[in-house]
Structures are given as C-alpha cells and as structure tokens.
Amino acid sequence: AIMFSKLWGPAPSDYPEIPTVLTKEDVLKAVDDKVDTLTKLIESDNWKTVPYTDPIGNTSPNAIKLEDIIIEGNPVTCCRATAVLNTTSEALLALTNSNDFATLVQFDVELVETVVLHEFDANTHLMSYSYKAPYPVSYREFIVVKVSKLLPTGGHLVMNFSVNYNSTPVRASHVRSVCIVSGWILVPQENATRLVRVGQVDPKGLLPLWVVDMYKSKTADSLVLLRKLTAEPRTVA
C-alpha cells in the first residue's frame, strides 16, 4: 500500500460536476444521460465556424469543417469536427472503438497510455487515458466511461465521459482532467461515412491560452489522420 501511494500520490477529491458511479446501474444511467446531452448538442444551431486549413484544401467536398460552441453556464468550449471519409463505417469503428494503444495513437497522437480498468459489459468500459503536454505543462490523465452504441438512425456512437469511480488515485506527475463529453458519430453513406468528432474537455490546472487553442485544432487533426489511415493498408487490434 505504501508503494502504491508513493507511485500514484493521494487520491483526488471527487469533482462535483461529473457523475459518481458505484455500480453498473449507475454507469448505464450516466450513459443514457450523456447520450441525450450529446444528441442535443450535435443538433444545436449555435455552432460557429473555426478557421481550419484542411491539407486537401477547404473547397474539397471531403474537407474537414471545424466548429465550436459556448454552452450557457459552462466556461469550457466544445469543439466539433465533421467530414465525409471515403471508407466504410465498419473500418472507422474498428479504429475509433479500439482499446489498443498502438491503434489509438495513430490518430490520437498525444496519447501515452491507455488502460482498461473495468469491463461493465462488452460495449461499456472504465478506461484510464494519459496524455502528454508541451513543456512545461504537466501530463493529463482521465478516468472515463467509454461506451459504444448503435443509434436509432442507423449510425454508431463511440463516447467517453469522465466519472468519479472508487476514488481512483491520480499519479503525482499528472493532473486529473475532466472529459465532459467526447464522442465519435459514424453515419454510413453510399461508399462513404460521415464522421463527426465532438469534444468538450476541462484540462484543469493552469494552461497558457496557446495550449488551449492548439487543442481546438487537434479535434480536426484527428480526422485528417483517420482519413489517411483508412486509405492505407493497416493492422487494427
């Protein structure tokens, strides 16, 4: 127990703004609430375009569109990136729904570690993610519920959101951040997939404004990398 305490540091205080889950029933209720929140967010008319230069050119029909939205009562900006990729939703789902570090880091390049802490069922897991940050900013870590769900529209949702779970201790070298909601929405189209990534993250701690702005563009950068990955032969775990 002493070695564990020295390695990870003291358990953090629970964050009041995120759900506390003790049982599988708690998790499934939190999932339903977050799916409802995310659906309403996606359908909002208040998204504003954020300047973003797509490597294939912004006039291409496959160009990535980056937007953000300010949610009343919440100081954390939410970002959305959208594009049509010339690949199947099955291929994209195999990538975005993977728990394998070697797969995820191909398009989530700041990721340094991913751990499955608990499996609630085949489509719902408690995960730990660690991310590097530019010096001198501390690394960030997240304790999230990750869920994969079929949507009534025929698309697929892969979603993460932070939870308080069993006072999971935080590593001394990291800051425990909060993923308010982060999701991939995959909508099959003829010979293509409409892919939407939404992310609202409170990094906690003190961050320079340029770091915050950098992470806005990374919402869209991940789609650029997925577009490249799905156009090449690859191995997915």
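Colleague: Which element gives the largest share of the lining of the second largest pocket?

Modeller: Helix 2, with four residues. This is a predicted model, where local features need pLDDT of at least 70, side-chain atom pairs count only at pLDDT 80 or more, and totals for chains, interfaces and linings use all residues. Residues are numbered from 1 along each chain as its sequence is written, and side-chain values use heavy atoms, without hydrogens and water.

Colleague: What is a pocket, and which residues lie nearest the centre of the second largest pocket?

Modeller: On a 1 Å grid over the protein atoms alone, a pocket is an open set of points where a 1.4 Å probe fits, with protein on both sides within 12 Å along at least five of seven lines; lining residues have an atom within 4 Å of a point. Here 13 residues line the second largest pocket, and T39, I42, L151, T153 and I185 lie nearest its centre. Helix 2 (24-42), strand 9 and strand 10 each give two or more residues to that lining. The second largest pocket holds about 280 Å³ of space.

Colleague: How many residues line the largest pocket?

Modeller: The lining has 44 residues, with Y131, F142, R197, V201 and Y215 nearest the centre of the largest pocket. Helix 5 gives the most to this lining, nine residues. The volume of the largest pocket is about 1,100 Å³.

Colleague: How do the residues of the two linings divide into nonpolar, polar and charged?

Modeller: The largest pocket has 24 nonpolar, 10 polar and 10 charged lining residues. The second largest pocket has nine nonpolar, two polar and two charged.

Note on methods: Grid points are joined across faces, edges and corners, and a volume is the space filled by probe spheres set on the points. Ala, Val, Leu, Ile, Met, Phe, Trp, Tyr, Cys and Pro count as nonpolar, Asp, Glu, Lys and Arg as charged, and the others, Gly among them, as polar.
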